Amino acid sequence: MGAAAAVSCLPGALIIGSRLLGRDGVDLCIMHRMTGYWCPLCGGTRATRALMHGDLTSACGYNPFALMVLALGAAVLARWLISRRRGAPRPLLTAREAVVVFAVAGLFAVARNLPGMWAYLNPLLGPAG
Ligand SMILES: [Zn+2]
């Protein structure tokens with residue numbers, strides 16, 4: 001089961017890995033390719049790559065929400081690991097936390113696609129469309 005999951009993730013990992021290394025590839029986002037609108041995670045790979053190079057300004061310019069997700073993901077993972085180590089395992093995310101994350105993602109997606117908001121929320125990606 002684990003091997004099948006790993007094999008099924010391999011193509012995506014190769015695409016994302018090549019993007020993180022700076023090689024241009026295909027547009028990863030189906031929503032952007034089909035509608036022209038930025039989804040909440042558009043620019044996330046470029047933001048991560050910029051962050052890996054220590055360029056926080058560029059990372060924020062690509063996608064500040066993705067940076068928040070990265071930081072929050074690290075904190076949630078640390079919380080989960082600590083709870084397991086203490087012998088009181090808990091879910092990675094509670095249902096309420098997941099709802100909040102998806103609600104914030106939805107609000108960010110709407111806000112970043114409003115006319116003119118790209119200059120504030122994703123200046124390095126440009127306007128939607
Ligand atoms: Zn996207």
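Helices (H or I, at least four residues) and strands (E, at least two) are DSSP runs, numbered from the N terminus. On that basis the chain reads α-α-α-α-α-α-α along its sequence, with 7 helices and 0 strands. This is a predicted model, in which local features need pLDDT of at least 70 and side-chain atom pairs count only at pLDDT 80 or more, while totals for chains, interfaces and linings use all residues. Residues are numbered from 1 along each chain as its sequence is written.

**Chain overall**
- Of the 129 residues in the chain, 16% are buried; a residue is buried if 20 or more other C-beta atoms lie within 10 Å of its own, exposed if 12 or fewer, and partly exposed in between, with C-beta atoms placed from the backbone.
- Residues at least 24 apart account for 42% of the contacts in the chain between residues at least 6 apart in sequence; a contact means that the C-beta atoms of two residues, placed from the backbone, lie within 7 Å.

**Annotated spans**
- An unreviewed UniProt entry lists residues 62–82 and 94–114 under "transmembrane region"; UniProt positions are given in the numbering used here, feature names are shortened, and annotations may be inferred rather than shown by experiment.
- Residues 62–82 are 95% helix and 0% strand, and the end C-alpha atoms of this span lie 32 Å apart.
- Residues 94–114 are 90% helix and 0% strand, with 31 Å between the end C-alpha atoms.

**Helices α3 and α5**
- The axes of α3 (residues 44–52) and α5 come within 8 Å and cross at roughly 65°; axes are lines fitted to C-alpha atoms, for helices over the stretch in contact, and angles run from 0 to 180 degrees between N-to-C directions.
- That angle makes α3 roughly perpendicular to α5, a class that covers 65 to 115 degrees.
- On the α3 side the contact is made by G44, A47, T48 and L51, and on the α5 side by A66, L67 and L70.
- By class, this contact of α3 with α5 has 5 nonpolar, 2 polar and no charged residues; Ala, Val, Leu, Ile, Met, Phe, Trp, Tyr, Cys and Pro count as nonpolar, Asp, Glu, Lys and Arg as charged, and the others, Gly among them, as polar.
- Within α3, the buried residues are G44, T45, R46, A47, T48 and A50.

- A78 is part of helix α5 (residues 64–85) and counts as exposed because it has 10 C-beta neighbours inside 10 Å.
- From C-alpha to C-alpha, A78 and L92 are 9.6 Å apart in space and 14 residues apart in sequence.
- I30 is in helix α2 (residues 30–35) and is exposed, with 9 other C-beta atoms within 10 Å.
- I30 and C42 are 12 residues apart in sequence, and their C-alpha atoms are 9.9 Å apart in space.

Notes: Angles under 35 degrees count as roughly parallel, over 145 as roughly antiparallel, 65 to 115 as roughly perpendicular and the rest as oblique.
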